[in-house]
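Subject: Structure handover

Hi,

Here is the structure I promised to pass on to you.

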Amino acid sequence: MTASTPPRDESPTAHLDSTAHLMNRISSQLASQLSLVSLDGRRRPEQPALVVVAHGSRDPRALSTVRALLDKVRALRPGLPVHLGHIELNEPLLPDTLAALGTGEAILVPLLLSRGYHVKRDIPEMAAEADVHARVAPALGPHPLLVEALHARLAEAGWRTHMDDATRRASAVILAAAGSRDPESKVDTSRTAQLLADRLGVPVVPAYATTAAPTVADTARALAARGRTRVAVASYFTAPGRFATECAQAAPWIASAPLGTHAAMARLLLHRYDQMLTTPVAAAPELASA
């Protein structure tokens, strides 16, 4: 007896799925090619590459999150060359990414939420040592798109957007950030906290995982002393990692997930890229709240 041949899926749905996938690929490739051609048929100047600069982490979830975020950026802007470079701990390291770009043009957008040593010194120095013609965008925050992502993550964790007056008087949010010795970093984080407070209608107090004070635990105790016993922690981190985990564990009530692959993060990376295309270099630091 001969073995029977497994039946093939001849259903209309299978054909539709395969056809849709093929059409999506063709559309994406066509959009990529058309983006290089102007209306008069001439080839447009090549776009500067977008290099997203992540810090790097020993937590493998961080790298997978950043890669997924870059996939969202590519989906939003077909045809734009999008690359990843790390300051430390993960490959590809930023100098290697820049070296691979040769003498082309690139705009470096830090996947960092506030000003600090990395944004002011590390990234510009690495860019200056490369052959690529690079411009460095400011940090992502503060910006309303970050507040959009923070608000959404809190809602996912169980924050009620509508509450009675008594609940509101007992509620507060701790904005848990990494921390930095740079005083401008605290200014940026405090500005984000105020923007989030305006959105939520309750106090939002910054706290830090390292370097800066106060800690999440100290802030929770201070809020409890003021009658704020319903306190959530908003994770102001771009990806999972040790600091985000420790801050969440110190939450008196709920803790939101890191910003991660929220759609607002992808839009903000492209927003910073677009700003640098038209902004003089000397004006770049002023973009932080734009």
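Two things on conventions. This is a predicted model, in which local features need pLDDT of at least 70 and side-chain atom pairs count only at pLDDT 80 or more, while totals for chains, interfaces and linings use all residues. Residues are numbered from 1 along each chain as its sequence is written, and side-chain values use heavy atoms, with hydrogens and water left out.

The structure contains 13 salt bridges (a side-chain nitrogen of Lys or Arg within 4 Å of a carboxyl oxygen of Asp or Glu). One of them pairs Glu 105 with Arg 135, at 3.8 Å from N to O. Glu 105 sits in strand β3 (residues 105-110) and Arg 135 in strand β4 (residues 133-136), so this pair ties together parts that are 30 residues apart in sequence (strands are DSSP runs of E, at least two residues; helices are runs of H or I, at least four; both are numbered from the N terminus). Glu 105 is partly exposed at 45% relative accessibility, and Arg 135 is partly exposed at 22% (buried is under 20% relative accessible area, exposed over 50%, partly exposed in between, with a 1.4 Å probe and protein chains only).

Another salt bridge links Arg 115 and Glu 184, at 3.3 Å from N to O. Arg 115 is in the loop between β3 and α4 (117-128) and Glu 184 in helix α7 (residues 183-200), so the pair ties together parts 69 residues apart in sequence.

Within helix α4, Arg 121 and Glu 125 lie four residues apart, about one turn of the helix. Their side chains meet in a salt bridge at 3.0 Å, N to O.

Best wishes
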